[in-house]
Amino acid sequence: QVQLVESGGGLVQAGDSLRLSCAASGRTFSSYNMGWFRQAPGKEREFVALIMWSGGSILYADSVKGRFTISRDNAKNTVYLQMNSLKPEDTGVYYCAADRNNDGGSRFPLRGSEYDYWGQGTQVTVSS
């Protein structure tokens, strides 16, 4: 069983930065596609960013492109989300998720249903 634990959330002002971390258990982390999602109160969970198992392919939601950076350190079983120039609309609970990539392909997992493991989330609040 893979467990994911997010950390790094907090309360910041617009324009500030935060770095989220997601630590994963297991021996096969390097084979997982990893994603970040977020959910604001009263809204559905939305895709934020993903990084494929190879580390060479990434994808961002248009709303965060140019401001957020996803990265991974396979030696530490950790994926990161660097968030710069934060806006109030970035407020929400941020979740990391792992896709076991059982199909062994290069298809980007854009939907939450494509992920097998989820963390408990970390709260990010951006004030104006």
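Modeller: Asn-101 is found in the loop between E9 and strand E10 (117–118); strands (E, at least two residues) are DSSP runs, numbered from the N terminus. This is a predicted model: local features need pLDDT of at least 70, side-chain atom pairs count only at pLDDT 80 or more, while totals for chains, interfaces and linings use all residues. Residues are numbered from 1 along each chain as its sequence is written, and side-chain values use heavy atoms, with hydrogens and water left out.

Biologist: Why does Asn-101 count as buried?

Modeller: Buried means under 20% relative accessible area, exposed over 50%, partly exposed in between (1.4 Å probe, protein chains only). Asn-101 has 11% relative accessibility, so it counts as buried.

Biologist: Which residues is Asn-101 in contact with?

Modeller: Leaving aside neighbours within four places in sequence, they are Ser-31, Asn-33 and Trp-53. Contact means heavy atoms within 4.5 Å.

Biologist: And why does Thr-122 count as buried?

Modeller: Thr-122, in strand E11, has 10% relative accessibility, so it goes under buried too. The Thr-122 side chain also reaches the backbone nitrogen of Gly-9 at 3.2 Å.

Biologist: What makes a set of residues a nonpolar core?

Modeller: The set has to be buried Ala, Val, Leu, Ile, Met, Phe, Trp, Tyr and Cys residues joined through side-chain atoms within 4.5 Å. Here the largest one has 35 residues, and those with the most contacts inside it include Leu-4, Trp-36 and Met-83. E5 gives the most to this core, with 5 residues.

Terms used: Helices (H or I, at least four residues) and strands (E, at least two) are DSSP runs, numbered from the N terminus. A polar contact is a pair of N or O atoms within 3.5 Å; within protein, one must be able to donate a hydrogen and the other to accept it, and residues adjacent in sequence count only if both atoms are side-chain atoms.
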